[in-house]
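I am opening a notebook on this structure. I will go region by region and write down what I look up.

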Amino acid sequence: MAKMRAMVVRGRGGPLVAEERDIPVPGPEELRVRVEACGVCHSDTVTVQQLFPFIQYPRIPGHEVVGVVDALGAGVKGFKVGERVGVGWFGGACGYCGHCRRDAGFACENIHEVTGVSRDGGYATHMIALASSVAHFPDDLDPIESAPLLCAGVTTFNALRHTGAGPGDIVAVHGVGGLGHLGIQYAARQGFRTGAVNRGGDKEELARKLGASDFIDTEKQDAAKALTEMGGARAILATVTNSEAMQAIAGGLGANGIMMVIGVGGPLTLNPIDLITKSAGIRGWYSGVARDSEDALQFSRRNKVASMNEIYPLEKAQEAYERMLSGKARFRVVLKMDA
Ligand SMILES: [Zn+2]
Ligand SMILES: [Zn+2]
């Protein structure tokens with residue numbers, strides 16, 4: 001029987017261990033992907049550290065997956081063997097429950113799957129996905145370099161397009177890192193006056209090259225004050241993992257401003273006055289469903305949004321994971337299956 005290779009977490013805390021397994025057969029409504037590349041995301045710590053109590057081991061992490069469909073299970077419609085696809089954090093939805101019918105399939109009442117968390121993900125040469133979780137991938141987008149668009153990309157793209165900001169409005173991207181370097185590109189190309197906010201000036205040149213028209217160095221400036229002086233942010237995309245830094249910038253929201261929280265830190269304390277006096281708000285944003293990924297991929301293709309990556313072979317997944325954790329990668333880490 002043909003075998004697949006995978007990097008597996010066997011117990012809480014890891015490490016990632018190489019395994020050879022039989023190639024699985026897709027069940028009803030599932031398809032099998034021959035994986036070409038998988039991004040290494042900070043949210044993979046959820047799987048490695050068992051941050052959700054329902055996680056069972058052994059588990060293959062990975063939710064920034066690009067590959068080619070190589071088998072279809074019973075009942076799958078709309079996908080062909082040989083087609084390139086992507087799979088993100090979203091693990092699938094039933095399509096008929098109350099949430100699905102109200103366009104909130106990410107919160108499906110029947111299917112509670114997360115790729116690489118509750119089911120095996122893309123740190124492998126092959127994976128099985130529910131067809132409802134799978135995005136069509138554009139032919140002329142690089143499958144390896146674009147893997148991070150399936151999580152970091154769709155998350156920033158989708159959060160930004162739901163802020164209510166319009167062309168010319170001030171949108172601050174807080175943090176120039178794995179999420180932020182994509183967020184700046186999307187914000188600029190979605191037509192916003194894009195301000196990059198970062199601790200230290202070393203990333204200013206890059207941030208401007210990516211499309212930022214303004215740069216705020218929080219070591220030299222109070223970000224809330226600087227944004228207020230610009231007129232107040234219509235939206236802040238909070239990508240950092242430091243809650244105190246998020247608190248410190250919230251005062252820079254302008255009238256009806258929204259802070260979109262997509263970075264995960266500790267509990268967040270905010271001054272209600274900052275919200276009330278401006279009718280401002282704070283909300284989290286779920287990455288996106290398969291259709292959102294398709295929108296992000298197509299937008300990236302048309303508008304030349306690209307992830308900056310460091311590429312590792314699958315077998316070096318542990319090293320790649322540690323590199324991601326170090327925060328030093330420029331900017332995303334990607335596993336390439338045949339490297
Ligand atoms: Zn992710
Ligand atoms: Zn549903």
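**Entry 1. A loop serine.** I began with Ser279, which lies in the loop between helix 8 (272-276) and strand 13 (281-284). Helices (H or I, at least four residues) and strands (E, at least two) are DSSP runs, numbered from the N terminus. Ser279 has a phi near 50°, a positive value in a residue other than glycine. Its relative accessible area is 53%, so I log Ser279 as exposed. My cut-offs are under 20% for buried, over 50% for exposed and partly exposed in between (1.4 Å probe, protein chains only).

**Entry 2. Ground rules.** This is a predicted model, where local features need pLDDT of at least 70, side-chain atom pairs count only at pLDDT 80 or more, and totals for chains, interfaces and linings use all residues. Residues are numbered from 1 along each chain as its sequence is written, chains are lettered from A and ligands numbered from 1 in the order in which they are written, and side-chain values use heavy atoms, with hydrogens and water left out.

**Entry 3. More backbone checks.** Why note such cases at all? Most residues other than glycine have a negative phi, and most peptide bonds are trans. I found a positive phi at Gln50 too, near 50°. Gln50 sits in the loop between helix 1 and strand 4. Its relative accessibility is 25%, so Gln50 counts as partly exposed. Pro58 is in the loop between helix 1 and strand 4 as well. A cis peptide bond joins Tyr57 to Pro58, with omega about 0°. I logged another cis bond from Arg330 to Phe331, where omega is near -15°. Phe331 is in the loop between helix 10 (317-326) and strand 15 (332-336).

Entry 4. His63 is buried at 1% relative accessible area. Cys151 is buried too, at 8%.

**Entry 5. Helix 3 against helix 4.** I fitted axes as lines to C-alpha atoms, for helices over the stretch in contact, with angles from 0 to 180 degrees between N-to-C directions. The axes of helix 3 and helix 4 (residues 180-189) come within 9 Å and cross at roughly 40°. That makes helix 3 oblique to helix 4. Angles under 35 degrees count as roughly parallel, over 145 as roughly antiparallel, 65 to 115 as roughly perpendicular and the rest as oblique. From helix 3, the contact is made by Ala152, Gly153, Thr156, Phe157 and Leu160; from helix 4, by Leu182, Gly183, Tyr186 and Ala187. Contact means heavy atoms within 4.5 Å. Ala, Val, Leu, Ile, Met, Phe, Trp, Tyr, Cys and Pro are nonpolar, Asp, Glu, Lys and Arg charged, and the others, Gly among them, polar.

**Entry 6. Helix 3 against helix 9.** These axes also come within 9 Å, but helix 3 and helix 9 cross at roughly 95°. That makes helix 3 roughly perpendicular to helix 9. Val154, Phe157, Asn158 and Arg161 of helix 3 meet Asp292, Ser293, Asp295, Ala296 and Phe299 of helix 9. By class, the contact of helix 3 with helix 9 has 4 nonpolar, 2 polar and 3 charged residues.

**Entry 7. Further along helix 9.** Ser300 is in helix 9. Is Ser300 buried or exposed? Its relative accessible area is 1%, so Ser300 is buried. Beyond neighbours within four places in sequence, Ser300 is in contact with Leu149, Tyr186 and Val305. The C-alpha atoms of Ser300 and Phe157 are 9.2 Å apart, across 143 residues of chain. Asn303 is also in helix 9 (residues 290-303). Asn303 is partly exposed at 28% relative accessibility. Its C-alpha atom is 7.0 Å from that of Arg189, 114 residues apart along the chain.
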